Amino acid sequence: MTKSLGAILLVEDDEAFADVIGRALTNRNFKVSHAKNNNEALAFLGKQNFTYAILDLNLGGESSLKLIPLLKKKLNHIRILILTGYASIATAVEAIKLGADNYLAKPADADEILSAMLAS
């Protein structure tokens, strides 16, 4: 069995996209936990230690930006990637100020997501 490259918290309300990305990241030896909204993401936080978080900016009307400081406070080593179909300079700047490590516009495939997530 291949060693996991890290645990990823995937916060994404689009089930089909989450399925495809989750499977692709699992196939690349990451352990993926999927949450559909901020509350589910916070529930995972109490149960597991994550190396990475991939947050969809717009979760059916709620923003995932408020998760960033909570994730950083609980897991100061976590790398956070914001994914969005509504890219703007203002939200990119806000996400980075809050502690996100990178920001990527959708559509994006697993390789683009991994590259952005791992970029330093």
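Select E12 to begin the tour: in this predicted model, E12 lies in the loop between β1 and α1, where helices (H or I, at least four residues) and strands (E, at least two) are DSSP runs numbered from the N terminus. With a relative accessibility of 1%, E12 counts as buried, a word used for under 20% relative accessible area, with exposed meaning over 50% and partly exposed what falls in between (1.4 Å probe, protein chains only). Its side chain reaches the backbone nitrogen of D14 at 3.0 Å. If neighbours within four places in sequence are left aside, E12 is in contact with F17, A18, H34, A35, K36, D56, L59 and K106, contact meaning heavy atoms within 4.5 Å.

Residues are numbered from 1 along each chain as its sequence is written. Local features need pLDDT of at least 70 and side-chain atom pairs count only at pLDDT 80 or more, while totals for chains, interfaces and linings use all residues, and side-chain values use heavy atoms, with hydrogens and water left out.

Keep F17 and K106 on display, and look at how they meet: the charged end of K106 sits over the ring of F17, 4.8 Å from its centre. For this description, NZ of Lys or CZ of Arg must be within 6 Å of the ring centre and within 35 degrees of the ring normal.

5 of the 5 residues of β1 are buried, so the strand is largely enclosed by the rest of the structure. A7, L9 and V11 are buried on one side of β1, and I8 and L10 are buried on the other, so that both faces are covered. In a regular strand the side chains alternate between the two faces of the sheet.

Centre the view on L71, which touches L9, L45, A53, L55, I78 and I80, not counting residues up to four places away in sequence.

Now turn to the aromatic rings, where the count comes to 2 pairs; centres must lie within 6.5 Å, and planes under 30 degrees apart count as stacked, over 60 as edge-to-face and the rest as tilted. Select F30 and Y52, an edge-to-face pair at 5.8 Å centre to centre with 75 degrees between the planes. F30 lies in the loop between α1 (15–27) and β2 (31–35) and Y52 in strand β3 (residues 52–56), so the pair ties together parts that are 22 residues apart in sequence. The other selection is F44 and F50, with centres 6.4 Å apart and planes at 85 degrees, so this pair is edge-to-face. F44 is partly exposed at 23% relative accessibility, whereas F50 is buried at 0%.

End at S64, in the loop between β5 (62–63) and α3, which is buried with a relative accessible area of 0%.

Conventions
Phe/Tyr/Trp six-rings, centres within 6.5 Å; stacked < 30°, edge-to-face > 60°. Polar contact = N/O pair within 3.5 Å; in protein donor to acceptor, adjacent residues only side chain to side chain.
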